[in-house]
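Here is a short note for someone meeting this model for the first time. Please keep the structure open while reading.

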Amino acid sequence: MAKKRSSGTLTGGLSQARKLEILGILIMAVAALLGLSILTYHSGDYTLAQNISFDNLFSADYGLARRIQNGLGVMGAHVAHFFVYVLFGYTSVIIPLILFGYGWFIFRDKEVQKMLWPTAFGIWSMVLLSALIGWFYSEYAWFSSTWSGEAGLGIAALLKNIMGIGSIIILLVLLVVTLLAMLDRDLQQTVDRFKAWLADFRESWEERAEERKKKKEEQAKQREVEKRQAAEKKMKEDRSKPKPEPREPASIDEIVERSQQQDEERRKRQEEEVQTLDQRQRAIIDKKGTKKIAEEDEDDVDISVYVGEGDEEADAKELERQNQNRAKEVPEIKYKFPTIDLLDSPPSEGNEVDLEEIKNNKRIILDKLKRHKIEILSINAIVGPTVTLYELDPAPDVKISKIESYANDLKMATAAHGLRIIAPIPGRSAVGIEVPNSARETVFIKSVINTKKFVETDAELPVAFGKTIENEVFLIDLTKMPHLLIAGATGSGKSVGINTIITCLLYKCNPDDLKFVMIDPKKIELSLYRNIQNHFLATLPNAEEPIITDTTKAMETLESLTKEMDERYDLMKMAMVRDIKDYNKKYDAGELDDDLGHRHLPYIVVIIDELADLMMTAGKQIEEPIARLAQLARAVGLHLVVATQRPSVNVITGTIKANFPARMAYQVASKVDSRTILDTGGADQLVGRGDMLFTNGGGMTRIQNAFVSTEEVERITAFIGKQRGYKHPFHLPEKEPETSGSADIPDPLDDIDEYFEAAAKVIVLHQQGSVSLLQRKLKIGYNRAGRIIDQLYNAGVVGPYQGSTARDVLVDDEEELEQLLDDLDEYDR
């Protein structure tokens, strides 16, 4: 383990973008040195370099090295001799140019595949020019051999020996073709033109073939008419002759038999049509789900409808057995985990999928995109509890940004609130359109907890938030997050989400291993958990209430938690372990002495239900202990779950956001709020009632939060509260009156520049987060403009630093900017 850790210390602290920048700079530097060596080539340098030994390089008065004229000295003489003399002469300078291009693409984090065409074109041009110059040098002694190199002369000699004077014609023709290709590099356009010409040629050929076919049919009809006329004429001539007796019985049987066969075929076709209609319009798919294909008659685009099977249910006693295995061998108290029958059972009937609604949405999406000349090859519909994800497979020539630009048109056409476009879907070559279902399915907490995925998990603090669009349980370990930031407007399901987190932990964790610190400024949301104070709650020794509702007590509790964190770090230092899991293993094995202060350390989950209220009443000083805990408390088992219904920049500051990589957003009021919590839009398009987006620094996952009713919480807390618990809640250490010597964390929005608002308007107007732009427009110095850009970043107007490129602008228009500035003014007051 030590070797693995030390091997990554050189670049372990660098981001992927910074590593690419360093690699790009190194490649460009190598290319520049190679180009300098080639351009400063001198024919006599290589001879001098060969006479210099390795020992002579350390001689200060040795003159041969100084006589070398190459810009890279002795090494450059060898490199230039290889590229200029041996290979393709001075045209070899194309190689460092290509290498510099690769370095630039890597530095700018562009797609390196785009350099394949310039690479092939450059190498071809180098060989062609070298051969052409070599031909003129060998024939007329024009130019110099250093312009073609030995390789160019060899190619020219080979062509002359094979084709004689015709070789120069071929070389000149290839040169003209190469120049034309350089002037018009859009090969795709040329291919498209060639395909169009082939299509026109095929169409004209088919038209001529159709005309010939029609002429033949007309000739055949003419011959039929002539035959009929001849037959009638013959019949008139033979009227006097007796007619043969008809075989009526045989002909009647044949006619009856043929009629019966036709009736049977018609009846089978009608039955197949009825079955197809039933599958399309009256299908009910069970919750375990299957994949069905619904084909439209009016277009040629099929739609695949998929309902996820969901996770396998666990046995009734499996949860209890797994919890007993997780418990300590000698628990401090005899504790029985809550049973699954305390939770409400979901309805037993199947999940009805309205295929008619899916077909209608498909028709609307195709029709709207077709009007804008966007071709879609196929559609997959994944039906989730809240929304249906339509996966569109666009034609190869369709730009994804073009589909994104019609989001509002699609929202209006489908009459859906909360339509969201994912372009592209991460990990797939498709564009996703999430359309809310007209009939939503409620995800009950029992259907999430009573699954093998939750029951058999080895996570220390498992939390099953709900179900994804694929109908799978979304489970994550709180210790891996390690802190969670929650935001959502009133009524969006934020409080239910907190109850979901607490319920999952109560069903999987023993009171010996888990404690909660609950801070509830609203005084009513977390009051249901008073009954479990002697089992799961942690408070100050002199606390009057187990649930903290007073702002002053909240501040004291957070400061006490920082002291608990420091004490735990001291214990781990003595025990020579890195995290709480290893410490508890060592303590439970009897390797640590109680007399030295060692003790079993439970995980502590701090739940703050309304951060905005604390920030308004306690001021910015509440931010310091939260920031310290978020930065350092992970290894010692302290984890924060912070919720707010006002995700503005003065509540969720840059300091807090930087230490909360895991974020959960319910429906919010505006794009500004969505960007504040998620750093991107999308939360403003959610449909409420537990519909949420979760990110842990990677991609975005849409989840339907599991519903926990108040009655279920009361039954669970009553079940736990009736058992014998500890004599008192878990006591946190008391904070000393004097403050520690740690430096205060500065407020990133303190001392705002007087040009702050004017600079914000300039940035939003030009959509460019550049320091030089502020210098030009506001006529200020570089240092002041840089400080203003930093303040705009902390306020959420611009994105983070991106090297030599301008910062991204996170505010689209002045209306959003005014709202953001109003939030800042309100906070300052």
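1. Basis. This is a predicted model, in which local features need pLDDT of at least 70 and side-chain atom pairs count only at pLDDT 80 or more, while totals for chains, interfaces and linings use all residues. Residues are numbered from 1 along each chain as its sequence is written, and side-chain values use heavy atoms, with hydrogens and water left out.

2. Pocket lining. The largest pocket is lined by 34 residues. Nearest its centre lie Arg420, Ile421, Ile422, Gly681 and Gly682. A pocket here is an open set of points on a 1 Å grid over the protein atoms alone, where a 1.4 Å probe fits, with protein on both sides within 12 Å along at least five of seven lines; lining residues have an atom within 4 Å of a point.

3. Helix α20. This helix covers residues 551-575. Helices are DSSP runs (H or I, at least four residues), numbered from the N terminus. Its 25 residues reach 36 Å from first C-alpha to last, close to the 36 Å expected at 1.5 Å a residue. That expected span is 1.5 Å times one less than the number of residues. Just after α20, Met576 takes a positive phi of about 60°.

4. Cysteines. How many disulfides are there? The count is 0, a disulfide being a pair of cysteine sulfur atoms within 2.5 Å. The sulfur of Cys504 has its closest cysteine sulfur in Cys509, 10.0 Å away, too far for a bond. Cys504 is buried (under 20% relative accessible area, with a 1.4 Å probe and protein chains only), at 0%. Cys509 also counts as buried, at 4%.

Key: Helices (H or I, at least four residues) and strands (E, at least two) are DSSP runs, numbered from the N terminus. Buried means under 20% relative accessible area, exposed over 50%, partly exposed in between (1.4 Å probe, protein chains only).
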